[in-house]
Amino acid sequence: MTDQPLSLEQRTAELNAIAAQIRVCQLCGLAKERTHAVPGAGPFDAEIMFIGEGPGFNEDQKGIPFIGASGKFLEEMLAGIGYNRNQVFISNVVKCRPPENRDPLPDEIDICTKTYLYRQIALINPRVVVTLGRYSMGLFFPNAKITAIHGQPKHADGRIYLPMFHPAAVLRNGGLRPQAIADMQKLPGLLAEAKGEMSSSGTPANEPNDPPNTAPPPPQPPSQLSLF
Ligand code: URA
């Protein structure tokens, strides 16, 4: 018997179930310190998915990703390409705040991505995944250096991965701002490319703020993600 693609209704049910599991997760030590886990936010059929590192203070308080200073800057960059945060899915490598915003530990990353993030990606099935920062990049571009590969897209698994600096890194080091903005500006063209919509002139056939495609392709099995 061949696998039938899941309907949006089925994907929604599964993604809501994953979010519910995340909210009560006890699989690693981060659970002890959190106020709220942060499953992710955005349309379940988003064409673009952003993956940050982990919730900070504000996100932990509210259970919503990227609502502090980094989120404001992310929203500004999105506005620069004609998007707002409600058109993209925003998630994180780890779903609970590491204490004092320390870096997530390898076992925390391993557990959280295998249990939750890779399933979210497979179910949402975005055309483009934007990694924000080193930890997110490291999942899909192993051993790469962000200063060397930011803004350089990779095609894998039927989608495009675009590594970008973390907004917090750009806020700390203003010298990265022009590069971050230039990287973000590649996104509409990459999305058009991923959707096979490039015109013969090589420019996107659609404007970036066209309504999202309401007929998402079938999700890919999570096993494909282990190919990275
Ligand atoms: N930084 C992240 O990586 N994720 C958030 O949700 C907020 C800040």
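# Reasoning about burial, pairing and the pocket

User: Why is Asp-110 called partly exposed?

Analyst: In this predicted model, Asp-110 has a relative accessible area of 36%. A residue is buried under 20% and exposed over 50%, and Asp-110 is therefore partly exposed.

User: What makes Lys-114 count as exposed?

Analyst: The relative accessible area of Lys-114 is 53%. The cut-off for exposed is over 50%, so Lys-114 is exposed.

User: How do you know that Lys-114 and Asp-110 form a salt bridge?

Analyst: The closest N and O atoms of Lys-114 and Asp-110 are 2.8 Å apart. A salt bridge requires a side-chain nitrogen of Lys or Arg within 4 Å of a carboxyl oxygen of Asp or Glu, so the pair qualifies. Both residues belong to helix H5, and because they are four residues apart, about one helical turn separates them. In general, an α-helix has 3.6 residues a turn, so residues three or four places apart point the same way.

User: How many salt bridges are found in the whole structure, and which residue meets Lys-195 in one?

Analyst: The search of the whole structure finds five. In one of them, Lys-195 meets Glu-47 at 3.1 Å, N to O. This pair links distant parts of the chain, 148 residues apart: Lys-195 is in the segment after H10, and Glu-47 is in the loop between helix H2 and S1.

User: Why is Glu-47 counted as buried?

Analyst: Glu-47 has a relative accessibility of 9%. Buried means under 20%, so Glu-47 falls in that class.

User: What makes Asp-103 and Arg-134 a salt bridge, and which parts does the pair tie together?

Analyst: Their closest N and O atoms are 3.5 Å apart, which is within the 4 Å limit. Asp-103 lies in the loop between strand S2 and helix H5, and Arg-134 lies in helix H6, so parts 31 residues apart in sequence are tied together. Asp-103, at 36% relative accessibility, counts as partly exposed, and Arg-134, at 48%, counts as partly exposed too.

User: Why is helix H10 called largely enclosed?

Analyst: Six of the eight residues of H10 are buried, so the rest of the structure largely encloses this helix. Among the buried residues are Leu-187, Pro-188 and Leu-191. Their cover includes strands S1, S3 and S5, together with helix H9. After H10 comes Gly-196, which has a positive phi near 70°.

User: How do you know that both faces of S5 are covered?

Analyst: Arg-159, Tyr-161 and Pro-163 on one side are buried, as are Ile-160, Leu-162 and Met-164 on the other. With six of its six residues buried, S5 is therefore largely enclosed. In a regular strand the side chains alternate between the two faces of the sheet.

User: What makes S3 and S5 a pair?

Analyst: Pairing needs at least two bridges, and S3 and S5 have five, in the parallel sense. Within this pairing, Val-129 has Tyr-161 as its bridge partner in S5. S4 also meets the requirement with S5, since three bridges join them, running antiparallel. His-155 stands opposite Ile-160 there. S4 and S5 form a hairpin with two residues between them, and Asp-157 in the turn has a positive phi of about 60°.

User: How many bridges join S1 to S2?

Analyst: Four bridges join these strands, which run parallel.

User: Why is His-166 called buried, and where is its place?

Analyst: His-166 has a relative accessible area of 15%; the limit for buried is under 20%, so His-166 is buried. Its place is in the loop between S5 and helix H8. Beyond its neighbours within four places in sequence, His-166 is in contact with Glu-53, Phe-66, Ser-70, Leu-132 and Gly-133.

User: Which residues lie nearest the centre of the largest pocket?

Analyst: Of the 27 lining residues, Glu-53, Ser-70, His-166, Ala-168 and Arg-172 lie nearest the centre. Elements giving two or more residues to the lining are helices H3, H4, H6 and H8, and H8 gives the most, with four. The pocket has a volume of about 600 Å³, and its lining divides into 11 nonpolar, 10 polar and six charged residues.

Key: Residues numbered from 1 in each chain as written. Predicted model: local features only at pLDDT ≥ 70, side-chain atom pairs only at ≥ 80, totals over all residues. Heavy atoms only, no water. Buried < 20%, exposed > 50% of the residue type's maximum accessible area, 1.4 Å probe, protein only. Contact = heavy atoms within 4.5 Å. 1 Å grid on protein atoms, 1.4 Å probe; cavity = no way out; pocket = protein on both sides within 12 Å on 5 of 7 lines; lining within 4 Å. Points joined across faces, edges and corners; volume = space filled by probe spheres on them. Nonpolar A, V, L, I, M, F, W, Y, C, P; charged D, E, K, R; others polar.
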